[in-house]
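These are my notebook entries on a multi-chain model.

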4 protein chains.
Amino acid sequence: MVGGGSDAFIGAIHRLAAFMDNQIELVCGCFSVDPAISRSSGQSYFLPEDRIYDTYQEMIAHEATLPEGDRMDFVTIVTPNRWHFDPAMLALAHGFHVVVDKPMTFSLEEAKLLQQKVTETGLLLALTHTYTGYPAVKEAKERIANGELGKLRRLYVEYNQGWLAKRIELEGGNNAGWRTDPKRSGKAGCVGDIGTHAWHLSEYITGLKVEELSADLNAFVPGRPIDDDGCAFLRYESGVKGVLTSSQIAAGEENSLKIRVYGEKGGFEWNQQEPNTLWAKWTDRPTEMLRVGNSYMGAAAQWNSRTPGGHPEGYIEAFANIYRNFALTLRALKNNETPKPEWLDFPRVEDGVRGLQFIETMVASGYDNDQKWHKWIE
Amino acid sequence: MVGGGSDAFIGAIHRLAAFMDNQIELVCGCFSVDPAISRSSGQSYFLPEDRIYDTYQEMIAHEATLPEGDRMDFVTIVTPNRWHFDPAMLALAHGFHVVVDKPMTFSLEEAKLLQQKVTETGLLLALTHTYTGYPAVKEAKERIANGELGKLRRLYVEYNQGWLAKRIELEGGNNAGWRTDPKRSGKAGCVGDIGTHAWHLSEYITGLKVEELSADLNAFVPGRPIDDDGCAFLRYESGVKGVLTSSQIAAGEENSLKIRVYGEKGGFEWNQQEPNTLWAKWTDRPTEMLRVGNSYMGAAAQWNSRTPGGHPEGYIEAFANIYRNFALTLRALKNNETPKPEWLDFPRVEDGVRGLQFIETMVASGYDNDQKWHKWIE
Amino acid sequence: MVGGGSDAFIGAIHRLAAFMDNQIELVCGCFSVDPAISRSSGQSYFLPEDRIYDTYQEMIAHEATLPEGDRMDFVTIVTPNRWHFDPAMLALAHGFHVVVDKPMTFSLEEAKLLQQKVTETGLLLALTHTYTGYPAVKEAKERIANGELGKLRRLYVEYNQGWLAKRIELEGGNNAGWRTDPKRSGKAGCVGDIGTHAWHLSEYITGLKVEELSADLNAFVPGRPIDDDGCAFLRYESGVKGVLTSSQIAAGEENSLKIRVYGEKGGFEWNQQEPNTLWAKWTDRPTEMLRVGNSYMGAAAQWNSRTPGGHPEGYIEAFANIYRNFALTLRALKNNETPKPEWLDFPRVEDGVRGLQFIETMVASGYDNDQKWHKWIE
Amino acid sequence: MVGGGSDAFIGAIHRLAAFMDNQIELVCGCFSVDPAISRSSGQSYFLPEDRIYDTYQEMIAHEATLPEGDRMDFVTIVTPNRWHFDPAMLALAHGFHVVVDKPMTFSLEEAKLLQQKVTETGLLLALTHTYTGYPAVKEAKERIANGELGKLRRLYVEYNQGWLAKRIELEGGNNAGWRTDPKRSGKAGCVGDIGTHAWHLSEYITGLKVEELSADLNAFVPGRPIDDDGCAFLRYESGVKGVLTSSQIAAGEENSLKIRVYGEKGGFEWNQQEPNTLWAKWTDRPTEMLRVGNSYMGAAAQWNSRTPGGHPEGYIEAFANIYRNFALTLRALKNNETPKPEWLDFPRVEDGVRGLQFIETMVASGYDNDQKWHKWIE
């Protein structure tokens, strides 16, 4: 693991998610740019001293010298966006698979270089777009692919948080610092941090790609040098239209990611804060409440849940689905077996490249008052 | 009453709403362009034969000859949009106050002429933008005016229906016919029918006016000659930004009008389908569920509700609030008394003019691919 | 109308409900034991001076002398329980139909005398058990009668309010006074006021009668001389078992009446505070959200609602359903026509007698520690 | 681990819960009475061959001979109720701590013997009453203890499932077999399986003990030899009254555990199927929605959750809280350190004894028609 010291948020989530299914073991790490924090963090994770490293370069180089079976199988990168690319490239170069947080890189240029490296090496890169790990999301995807809604027409996807309603990045000691700093976060703030999740969810569920968009990005909090809010009209393939809204100044909201997709025959609605329910609405019969863990759910939802209906699964389980599928795929490859199709269901380098394209297109369109529609930047 | 025969939807609602509070009596009407339907409708409403008219012209002319006390006090117009203007002008010309459904007229030009006539005559014109009649909406307005949310920043307003997901206007025998026919509905379909409600609600709650917008209008159902879906980015006074979405092809939705408004300190959320709850979200304390009928609600909500908390009031009561406030104002004027301020809280001709401006601006922007932002058409 | 002066709660509801559908007109009344209040109330309801009476005896006697067509058709009694019986008997004796609030009388003995009088006179008596007027409740009843749930087994019905959590009856100026006074309310407080509604709803929906019960009544607030909380195990016909809970000291609750009924194949759930939804749960397929106003709803729900789906109807509309059905039945009888079956769907004297039997059985069982099950008192 | 082969439900949950926080490692097990299943299960859990045992006796005996550091630290018992006692006694006798599923034993007699053994050995016994592991439940407990609701009066606790609405135990291949068989389940079915959870939750949240109850137990499904439904009136210390309902034939319900507690000043409501929200209702101000992961939550909720607000935690995390607290306590004891008070918050042998007392009292009262109230069996 690179990053994820005991003072970090997302690293802890990665560990919870990775451990849950007993498929993955933490064997080594460089948990901070500060060697002392790295060391104390590693100790608290019960690592032996010689597998706690001061730099990721040292870690990757040294692990590569260990005998197979002893050395790590893959590297998880949970650093701020600015420092995704370098360790990922180095890990791939040394033959290690990679799990990396989103957005995959700092820039589209880096993303393409990384994609090229993944292709060259034939190694796996998994991207933790957590929200597509939820079983109810997979149910929606499966049913839409089966044509249950008929031809799709309209979608709304929204992601609202309120934690940046004040300029808390000035206070220090929180995750707002690097996320609102263009030097560490990239061209976009809100749009890169959560807008990408909303966009990714919409393409995952519908199986359709955005072709054009018209965006409006805002920095509502005075003095903030990067967007804290962004919305867009989206044109997908096949004439489907979407509205995407994302905001980190929606004061009082927690982590409100919702999607609604409508076709000729009905619509689906899913809300991340009550993730075990998928609402199915119909033109000619009552709305149905599809609940994870019931026998009427499809194969993808069944595979990606662990408990019977009414035993709520949450964010960590969704995260764990990415890790479990990745780990099973990786184990199969190590054993020269063919991974089952359901194991291959995790976001990867292509999603990462499109994610950076989304960010760049949003930024290009979001501050431009002349032109209404902007082509997707390839 | 003009229109509202026994085969019509909204006329029945007007009668329920007008009767409920025992302030208004139906004394005469011309309920259909078909005299036979007008007559049978009038009989079923218990009207004497000599107060059921074949044409609205006849009705207005004859009623004006009756002695005060006997003759009608005001005219309610519930015909398709195309036929709002003429009876309204005629009624005003004969000294009758007017209640008219929204959109107020067929075109902005008509709207301005009507406004001029209202000004000249000094008579009242009430516009039935029903949704601002709900007590929880009034609570939000009052609290925002009191600064509870701090400076406003961002709002989302949406109005989704699914009843036009198929081209049911071809089947006849329903209200879809005139609503999807530009000759009877006006320049806009969905945007005029429900988009105007969403826009009006946003200006009513915030007390702010839209200055500029960027719209995207769609006719998703093949062959439909008018929009059945429309969304817009909105720029309000004081730097507030909004996203408005409205659709009549959101298959499986009933009448889903929702608004969320965020300021520096928190946000309000209201959903018309559960109208007695106003959600108040805060940056620093738990979300509150403000419920109509409780003693902690403000004066406007108290005045506009009839029952204690937990006795749900609905759409007809919201409608009735417009009628009751209008009737009390009218009675006061007749008695040369000053209406109480809370009685004056009903939409009127100015709202009607802005409604047509909204429609025209949406249409001008919604099909225009060159220009991103469009100034509000005055 | 007897009772319902401008200082009373339920009288106002009766008027709103009666007027809404334009079937009923208020023609006379004695609105208070205080003639001055009666007079000012009557004036505010736009009654002529000679139809405002000082006593109900005077009203009934005088109205009976007026020519048919002028005189009132029926009497609505909205006084405290203690004063239901006398005016009801007098009205029937003078040939007037009666609408009376529940519980129908002060004692079971009175209830039986009233039933006898109704039988003798052949007049109508309608009892305003409001909650069975809701269309979603009628939908549940119809579907259960059609066997959709299979054989019934278990039901839960609950009615929780918090307004008596403090001894507010000592403060005066509220409705708590007579409701907590055994001399005006009857043998039971909470159980008579709201427990009866819960019980009535359970028998109405299932079509089954309680045969035996085991109750526990409590007065939680120190000093209160009557129950403010009561629950019971219920044994219905056909082996169905129920649990009824009711409380007026459930601090923070508004008017939370809920019922859940389970059969072999599924269950229904209804909540009065969101009354337009009936939840249908199934053993073998997803939970459905049945919504009032949609075309898939049955005949009874359709007849008893006024608006399309998504236009919420509430408490006043439920109340109005009782008045409308009663008025249509009464008008048919006056015209020597046969009332349509759906018009006959309102609670009447038999429900009133069983309501008093329920109260007496609950009181007999609720304070008795020796015997577990108590037979229904006939 | 004893039990929990790859064909079992609750064993899998125990492993997920135990692994998540990286505090616990599975080192050995006897996973089935069938040695072949035990072996294949152990292999799939990545255990070395010599730590997979054919019998629990062999496991306990052999592990006890391994050097400290190598041998297991504690035994988790996830067998049917009938086989909790013997392995637990044996484990304690060999110096191993124990985690056991509820109900703790087959009979009250066994429970008391086990309690005696725990006392004698000074070892830890943790009981997995999962639902008290939820952070929102702990928040309610903390606030009630702080007096936020004032003196408590009334509580409702309910636990409804529908999976036994048919006699699926005859089909085999499911968990219904042993649960509906008095020889393996104990004196009670539904009441032991889920009624105990409801009862335990009520005592945990209120800090009050049941002193007396009046129960009604039912076997609704024809031919079933044990209760599949049970309810009770409960008398707690300090005059608090409760109603407990539990059913496994509530057709269409998943796992609906809810509790409502009312005091003088307000009430709390919690629903296991949406576990991250605690509703706080007040007599004098709006209902609040307390959400796990926010800074306004108390110390216990903070300690027992892992993510910020809006990142839902579920059943496995609640389960994991028990394991984590137990593991931290155990580690402290091994290191001769004092466990932090918050680590000691997990159910233990005393809860297990009271659980069996609850079952015995429910059964004694539930089929007894003579006597209304039954004293708690000690």
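**Entry: chains A and B.** I began with the contact between chain A and chain B, which takes 36 residues from each of the two chains; I count two residues as in contact if their C-beta atoms, placed from the backbone, lie within 7 Å. The model is predicted, and for that reason I note that local features need pLDDT of at least 70, that side-chain atom pairs count only at pLDDT 80 or more, and that totals for chains, interfaces and linings use all residues. Residues are numbered from 1 along each chain as its sequence is written, while chains are lettered from A and ligands numbered from 1 in the order in which they are written.

Helices (H or I, at least four residues) and strands (E, at least two) are taken as DSSP runs, numbered from the N terminus. The largest share, four residues, comes from β7(A). By class I recorded twelve nonpolar, 13 polar and eleven charged residues on this side of chain A. Here Ala, Val, Leu, Ile, Met, Phe, Trp, Tyr, Cys and Pro count as nonpolar, Asp, Glu, Lys and Arg as charged, and the others, Gly among them, as polar.

**Entry: chains B and C.** I next looked up the contact of chain B with chain C, to which 25 residues of chain B and 25 residues of chain C belong. On the chain B side, α1 (10-20) and α11 (315-334) are the elements that give two or more residues. With five residues, α1(B) gives the most. I sorted this side of chain B into nine nonpolar, nine polar and seven charged residues.

**Entry: chain A as a whole.** I listed twelve helices and twelve strands in chain A. Its radius of gyration, taken over C-alpha atoms, is 21 Å, close to the 21 Å that the globule rule gives for 378 residues, so chain A is as compact as a globular protein of that length. The rule is 2.2 Å times the number of residues to the power 0.38. The C-alpha atoms of chain A fill a box of roughly 65 × 50 × 40 Å along the principal axes.

I then took the domains, whose bounds come from an automatic or database domain assignment: chain A is divided into domain 1 (10-123) and domain 2 (133-308 + 354-366). Their centres, over C-alpha atoms, are separated by 27 Å. Eleven residues of domain 1 are in contact with eleven residues of domain 2. The domain 1 side has six nonpolar, three polar and two charged residues.

**Entry: a sheet in chain D.** Last, I traced an open sheet of three strands in chain D, ordered β1-β2-β3 with parallel pairing; strands pair if DSSP finds at least two bridges between them. β1 (74-77) and β3 (125-127) of chain D are the edge strands, each pairing on one side only. β1(D) and β2 (residues 97-100) of chain D pair over four bridges. D:Thr76 stands opposite D:Val99 in β2(D).
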